[in-house]
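Colleague: I would like a close look at one part of this model. Please keep it simple and take it step by step.

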Amino acid sequence: MKSPIQHSRRGGLIAVIFTTTALVAASAASAQVTAKPAHVSEHQCVDCHRQPFSNERSNTFIVTNAAEIWHKHDQHRHAFSVLNLPVNQARVTSMLGFKLEEAFEDKELRTLSSAPDRAEKVTKLKSCLTCHSSYQTDFTDEHEIAAMDLADGVSCQACHGQASKWVSLHQEPWWRRVDSDTKHKLGMPTLREPAAKAKLCNSCHVGDAAQSKMVTHDMYALGHPPLPSFEASSAIDRLPAHWRSLKSIAEIANADTRAEDSRSLKKSAALIRSLAEPIAENKLAANLSAAVFPESEFGRRDVASDLPRTKTAAFSGIAAAQSYLSLTLATANQPKPASWPEFATFQCSSCHHELKKSDRRDLAKLGPFTQGRPHAIGWTRALPLLIAQSLDQPAAAHGGTAKPNWPAKIQSGFEALDKAMTKEVFGDSAAVSLASQTLLQDLAELTSALKKQPIDKTFVEGLRSRISGPNASLPSDLDFHSARQVAWVYGQIALDLNGADLQPGERRNDAHAAASAAPFLLEGKDFLLLNSSRTTSGESLLKAAKDRLQSESAFDSEKFRKMIQEITVPSK
Amino acid sequence: MSDLRPLFLRHGDRSLLRKRVGVAFLMALFVAAPSIAQDPVEKTIQQGPASYLVGSASCASSACHAKPNPLGADTSTVLREYATWIDKDPHAMRAKLTLASETFDAIVKKVAQLQRSDDTARARQSCLPCHSPMSLAESYHTGSSNASPLEQGIGCESCHGPASQWLNRHFDSRLSVEEKQTLGMKPTSQLKARAQACAECHVGSPNASVTHDMYAAGHPPMRFEFASYHTRLPKHWRAANERRRIAEFESELWLAGQLAGAQSELAQWLATTKRKPNAPSSIEKPAAIVKPRELANFDCYACHRQISLSPTRWSTVSRSASDLREALAAPRWRTWNMAFLFDGLAPAPNDIDRDRFLRALASQDVDQDKAAHQAVIRLGEQITGESVPHTPTTDNQPDSQPNSRTAVVIDCLEKMLSRMEASGSLNWDEACQLYLGLTSLDRSVRDSAAVKQAEDAANKLKLASKQREAIREALRFTPDDAEKPRLWATSQVDEASVVKAMRECLENYRSLLATKGTEK
């Protein structure tokens with residue numbers, strides 16, 4: 001199937017002219033009226049998005065070599081194949097309880113076995129595939145699984161959503177004016193929206209109980225490397241960009257009203273009517289910015305002018321905590337297991353530490369993290385607390401109601417969680433469930449409040465002053481992973497205040513990396529491993545995990561506190 | 001479960017442990033009603049007449065056990081027991097100093113904190129059954145929880161039994177050991193009874209267990225090995241006589257200690273395992289929420305170790321997936337006190353191997369392996385039911401033969417060592433028990449008259465001592481350095497060479513003992 005693309009000569013804009021193919025596809029989709037968006041073969045994506053680099057035009061709306069960039073440089077492509085690397089085979093076998101190929105029809109590991117006697121093995125493998133491929137737990141149709149190419153790892157639709165309902169529509173120029181809700185219903189999350197993007201990344205890199213994305217303690221014990229702390233904004237920065245910055249895309253899209261000439265408008269109207277769930281007229285916003293960032297949610301301001309990296313980091317900080325809490329909530333709500341509770345929601349080091357005299361007798365440290373009871377994972381709270389402190393006081397007239405005291409609310413929420421998780425050994429399930437729910441609710445509200453918050457220079461400077469300098473409000477005893485969170489955000493702030501937008505195909509260069517990590521070098525060494533190198537081989541993945549464990553045990557919170565007190569943003 | 005039933009409520013009769021287990025079991029049924037557990041008065045009534053502690057001062061009359069010793073004229077230890085105890089025995093002075101220390105207060109405070117209580121009295125009480133039984137008795141009599149723990153150490157009655165019923169009669173030569181026992185006096189002249197008395201605190205009992213909260217608050221680890229403790233204890237009895245009286249004394253000592261350790265461990269396990277009344281070997285499925293078993297009973301290093309990413313961890317283990325999961329992902333039951341239980345000490349239950357037995361001990365879920373769970377209960381009841389447990393014998397060395405006891409010891413060590421050689425890895429707890437077993441063997445060999453006469457014995461003994469010293473070095477923690485890990489780092493130890501040294505050492509002692517056999 002080919003969708004011809006024609007580059008419009010006028011103004012260098014692209015007009016996607018529809019052939020009957022799209023209409024046929026759309027009516028086929030309308031046959032399954034309420035069916036969920038389904039996985040489609042990604043050949044369709046590649047047809048348009050995998051142009052050679054040389055054909056890319058810098059000022060077009062569509063990034064026609066996105067797939068090319070991704071294929072060549074993005075590590076997500078190896079998410080599945082990494083399971084079959086010789087160096088990882090033993091641990092994968094021990095985790096699964098059988099050899100990987102036993103769940104497949106073929107030795108090349110392309111087709112999942114359909115033999116009834118292997119169904120159990122396939123089911124078990126699927127709990128890995130939720131993060132290690134584009135597989136989703138709601139794949140109901142055998143065709144969906146067949147359409148998935150495991151060799152591509154975490155590919156297009158893992159992030160951009162299952163495409164059956166939108167693969168045709170999104171080729172229409174008016175698609176960019178469709179609001180986020182509608183796109184989401186059709187299966188496409190709006191990744192321009194930082195909250196959605198942060199949730200997506202964190203769902204694998206931290207976990208998401210609703211999507212069965214969770215690394216359990218069994219997996220860790222049987223060989224899964226420990227999941228490190230994660231901050232989406234800097235992680236995205238380390239990826240080769242296959243997208244344009246929000247600012248540049250908004251400029252192009254909003255200027256591109258001519259794309260919809262009368263002819264294509266007519267076709268569009270017909271297409272919209274033919275949909276099973278037609279898109280209402282009022283769901284088409286004036287332009288891309290208005291569609292992605294509706295005034296009702298984001299206030300009367302130009303969202304594209306927000307400082308993008310800090311903004312994503314702020315949303316990611318909250319999303320990481322939400323991801324973690326989805327796991328504590330789900331494990332607490334499970335019927336009480338007859339054997340051990342799930343250990344993976346507890347801080348690894350609360351049990352996995354050496355028995356030192358000073359450790360055991362450190363009686364001054366009697367906070368919630370006291371020794372003796374395994375406690376909650378700590379690093380996901382560093383950023384939500386900073387964000388809560390940095391939010392503007394809204395004008396009294398604005399909401400009418402008094403603004404919640406965010407810092408106190410979030411702080412007490414985490415304290416309640418700590419109490420619940422240490423009330424007895426391995427926590428009191430009912431209390432953990434309640435604390436998680438309350439905190440999830442609060443964090444959802446915090447996210448809404450953050451959406452209304454202009455992430456301008458004032459905000460970013462405010463955030464920075466809470467991290468470093470005389471008014472810093474960081475807790476004094478940050479652990480390694482919390483310190484990483486803070487350092488990453490600090491780096492993103494530095495880049496926002498100094499850095500330039502990355503264009504598609506551009507990777508963060510050494511200067512960028514230096515700008516973000518420079519303040520956090522100890523004797524020239526990236527002791528927090530902020531810029532972990534991209535790796536393809538199993539050995540280097542393993543080495544990275546080993547390095548992390550080593551840096552973690554060598555981490556000195558007092559030194560870090562001093563260091564962060566004294567740093568300043570490197571200016572251009 | 002922190003049951004605070006004072007020590008003085010204990011019986012001293014032959015079926016002491018059986019009864020205690022029974023009581024503890026009854027109490028386990030009442031866990032849901034903490035008011036009962038907290039009220040000792042009610043229990044006294046249930047118990048009927050009871051022995052109670054009267055205090056060490058009652059023994060310390062100059063005519064009795066505290067005879068003065070003018071200018072060292074009388075060198076006998078007899079009738080000077082009290083003086084030996086108060087001058088030299090750590091149970092007297094050091095026990096007092098422990099309770100007076102800042103560390104003790106800090107531990108109590110932290111335990112209270114972990115239990116979410118501002119009131120340290122309850123936390124303090126849970127220490128007293130072992131650390132100051134007399135003050136617990138006093139607080140019982142006076143109704144105050146603030147009795148000074150300083151006044152008494154761990155006194156005469158902690159080992160000899162509460163004296164209220166025998167204090168005025170025990171010097172009556174017409175009374176047999178058995179009769180004294182029914183009055184509450186423990187037959188400590190028998191090594192097994194002696195070991196049991198020690199194990200009640202040093203391993204624990206249903207009434208006095210060290211919890212993970214206590215460890216976390218700073219309680220030192222519990223690693224009791226009767227023979228080595230016994231060797232170091234200042235004797236207030238005729239030790240030389242005793243060694244002459246009891247054949248193969250050192251081996252008897254070691255075996256008694258191993259049995260008492262397993263007995264105490266299993267008694268505690270049984271007390272926290274719900275069983276149907278009148279059907280001791282069946283299991284009642286707990287209706288309420290199952291609480292995880294007390295963490296203190298698990299192998300410390302199952303969790304307290306650095307996370308390892310070494311691929312050998314899972315690639316070399318040739319086990320089934322579920323075994324691997326059990327071995328790597330779930331906490332393991334601590335084997336310190338039961339190291340030799342299936343290595344010659346007790347017959348393994350039918351078809352239940354050691355691993356399966358340990359898993360059943362650790363399991364929260366009785367349904368996971370019902371057969372193994374019942375086997376544990378049966379063995380537990382069998383072992384704890386015997387106040388003087390049966391000492392095992394070996395097939396190839398009948399009881400009547402010389403060295404039969406030492407042969408059992410060697411048999412135990414051999415079985416454990418073979419297991420280590422087969423698995424290729426060391427468990428620190430077991431390796432230490434093996435080392436201590438070799439040390440006991442060393443004392444046995446030195447005791448043996450035949451070995452003393454044998455040619456070349458001195459050299460062989462010297463060599464064996466050197467080997468033991470090397471093993472000891474490999475197994476030891478870095479002492480007294482707060483910042484050094486208190487963890488035995490397997491990565492820093494060549495496990496194979498330790499196992500090899502143990503093998504050489506064992507063979508050395510075996511040949512030394514064989515020398516004696518051929519001479520006979």
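Which is B:Arg354, buried or exposed?

Modeller: B:Arg354 is buried, with a relative accessible area of 13%. Buried means under 20% relative accessible area, exposed over 50%, and partly exposed in between, with a 1.4 Å probe and protein chains only.

A word on the ground rules. This is a predicted model, in which local features need pLDDT of at least 70 and side-chain atom pairs count only at pLDDT 80 or more, while totals for chains, interfaces and linings use all residues. Residues are numbered from 1 along each chain as its sequence is written, chains are lettered from A and ligands numbered from 1 in the order in which they are written, and side-chain values use heavy atoms, leaving out hydrogens and water.

Now place the residue. B:Arg354 belongs to helix H21 of chain B, residues 354-362. Helices (H or I, at least four residues) and strands (E, at least two) are DSSP runs, numbered from the N terminus. Chain B has 27 helices and zero strands.

Next, its surroundings. Contact means heavy atoms within 4.5 Å. Setting aside neighbours within four places in sequence, B:Arg354 is in contact with B:Thr335, B:Met338, B:Ala339, B:Phe342, B:Asp343, B:Arg419 and B:Glu430.

Look at B:Glu430 again. Its side chain and that of B:Arg354 are joined by a polar contact of 3.0 Å. A polar contact is a pair of N or O atoms within 3.5 Å; within protein, one must be able to donate a hydrogen and the other to accept it, and residues adjacent in sequence count only if both atoms are side-chain atoms. B:Ala339 takes part through its backbone: its oxygen lies 3.5 Å from a polar atom of the B:Arg354 side chain.

Step back to the chain. Chain B has 520 residues, and 52% of them are buried. Take its contacts between residues at least 6 apart in sequence: 73% of these join residues at least 24 apart. The accessible surface of chain B is about 24000 Å², and carbon and sulfur atoms account for 54% of that. Such areas come from the Shrake-Rupley method with a 1.4 Å probe; for residues, only the protein chains shown count as cover.

Helix H21 sits at residues 354-362. B:Leu361 is one of the residues that touch the most other members of the largest nonpolar core, which has 93 residues. A nonpolar core is a set of buried Ala, Val, Leu, Ile, Met, Phe, Trp, Tyr and Cys residues joined through side-chain atoms within 4.5 Å.
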